Amino acid sequence: MIHTTLDSFPENFLWGSASAAYQIEGGWDQDAKGPSVWDSFTKIPGKTFKGTNGDVAVDHYNHFKLDVALMGEMGLKAYRFSIAWSRIYPEGRGEINEQGIAFYNNLINELIKHNITPIITVYHWDLPEALQKEYGGWESRNIIEDFNNYCMTLYERFGDRVKDWITLNEQNIFISHGYLEGSHPPGVQDKKRMYQANHIANLANAKAIKSFKSYVSDGKIGPSFAYGPAYPYSSHPESVLAAENAEEFVNHWWMDIYCFGKYPEAAWRYLEERGLAPEIKEGDMELLAEGKPDFMGINYYQTGAYEKNADGVLKGAKENHDGKKGNFTESGVKGLYKRKRNTYVDTTNWDWEIDPMGLRIALRRITSRYGLPVLITENGLGAFDELEKGDSINDDYRIAYIESHLRQCREAITDGVELLGYCTWSFTDLLSWLNGYQKRYGFIYINRDEDSEKDLRRIKKKSFYWYKSVIENNGENLIE
């Protein structure tokens, strides 16, 4: 639909930004923190770009007051950050590390002092290594209780001040990359194990949401899902069916469980016939039905175009980690779908397709299928930023990217979507997991690279001032 006038962003709209503990904190063994699986995985030769890791990252652990002051200067309304599980429980369970509790207490209080709403992500991929070694992490049902205990500790300690919570960040990514593609810890490549680990993660998510209601009765909680809507590559019915298959397996498989407590029928039948369906035990489906979220968090970066796949392209896409544009590879599952390069949209240097309208489509699909409010928990552009003379960074490309996506948010609000907020990825530059430090996302440039930590200076980019203006005007200045 084409609107002649657009609704405004809500008065209480959460203009935010986001981060993850491993990607920014550093202090990997500081103040009794235990090791996570990422602390070990990044030390394996060849796993990351130029061998980069998060031992220091951007040293937010020791610079958080400076970083929050910059957020306050921008006028940020919300800041989504994750808590490092092994900073709270160095062994994953057992004795609480009060120094870890103190750090996050101080961070929360600093945010509130600057009138910034804290949004906690309970889990952003950094599983305590002790639990991986003891029972295989997400492949064991033991993790359901350990995760719930960890969550309840956070609810009890921080729930008096923090009312907005994310359970699992991008479960579809850490499970598929960790257990199918083998590119993330624990580095497994096994479909059967992937689907079983995913089912256990679903149970852990549901139990954590159920427990939340007893601790933070006046709060809201939900997962954060990496949603890439599926498009037909052409109007051929076979492409339309392939896109339906992709939407079912790549998206509904996770979101249906979150919201309906059951797996989509066609996908379940397909997996069951091939011996890939997860084992369902007594009480599982009842627990899943009790874990309905209060909102759907989405991390949106790109869409995907799909066509019929009968030729057996079985492997995942070869990921671009060096930023050399033009390395897109087809991927898919025989008999279900093949992902093609969508030539109607441009791509980033890392070959992620730039599709602002896809965000509007994502928001409308979630609203129509699940009837939940939506919080955009991540959206942003990873790019090469140049530090110019006079400490200036003219990242007009980032401004254009975010602005185009925010305009689609406003279109979606006018469509009837209940949009709670928008968190950019990210506030400062950070370690981009396997991509090193050259893939920059922030409003704040961090003066470091893959080869040296340099002085870790915080330098405001042009986009910092632009987003500040957007917040001041509650998005009214986004009208063309």
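Q: At roughly what angle do the axes of helix H14 and helix H15 cross?
A: In this predicted model, helix H14 spans residues 396-415 and helix H15 spans residues 462-472. Their axes come within 8 Å. The crossing angle is roughly 25°.

Q: How many residues of the contact of H14 with H15 are nonpolar?
A: On the H14 side, the contact involves Asp396, Arg398, Ile399, Ile402, Glu403 and Leu406. These meet Lys462, Ser463, Trp466, Tyr467 and Val470 in H15. Four of the contact residues are charged and one is polar, while the nonpolar residues number six.

Q: In what order do the eight strands close into a barrel?
A: The pairing in the barrel is parallel. From one strand to the next, the twist averages 25°. The order is S1-S2-S3-S4-S5-S7-S11-S12.

Q: Which residue in S7 is the bridge partner of Phe225?
A: Strand S5 covers residues 220-226 and strand S7 covers residues 296-299. They pair in the parallel sense over three bridges. In S7, the partner of Phe225 is Ile298.

Q: Which helix packs on the sheet, touching S5 and S7?
A: The helix in question comprises residues 237-260. Its direction makes about 170° with that of S5. It is helix H10.

Q: Why is the pair of Phe249 and Tyr270 classed as it is?
A: The ring centres of Phe249 and Tyr270 are 5.2 Å apart, with the planes at 80°. Planes over 60 degrees apart count as edge-to-face. Because Phe249 lies in helix H10 and Tyr270 in helix H11, the pair ties together parts 21 residues apart in sequence. The class of the pair is therefore edge-to-face.

Q: Which strands are the edge strands of the open sheet of four strands?
A: The order in this sheet is S6-S8-S10-S9, with mixed pairing. S9 and strand S10 run antiparallel, joined by three bridges, and Val333 stands opposite Tyr337 in S10. An edge strand pairs on one side only, and the edge strands are S6 and S9.

Technical notes. Residues numbered from 1 in each chain as written. Predicted model: local features only at pLDDT ≥ 70, side-chain atom pairs only at ≥ 80, totals over all residues. Heavy atoms only, no water. Pairing = 2+ DSSP bridges. Helix = DSSP H or I, 4+ residues; strand = E, 2+ residues; numbered from the N terminus. Axes fitted to C-alpha atoms, helices over the stretch in contact; angles between N-to-C directions. Contact = heavy atoms within 4.5 Å. Nonpolar A, V, L, I, M, F, W, Y, C, P; charged D, E, K, R; others polar. Phe/Tyr/Trp six-rings, centres within 6.5 Å; stacked < 30°, edge-to-face > 60°.
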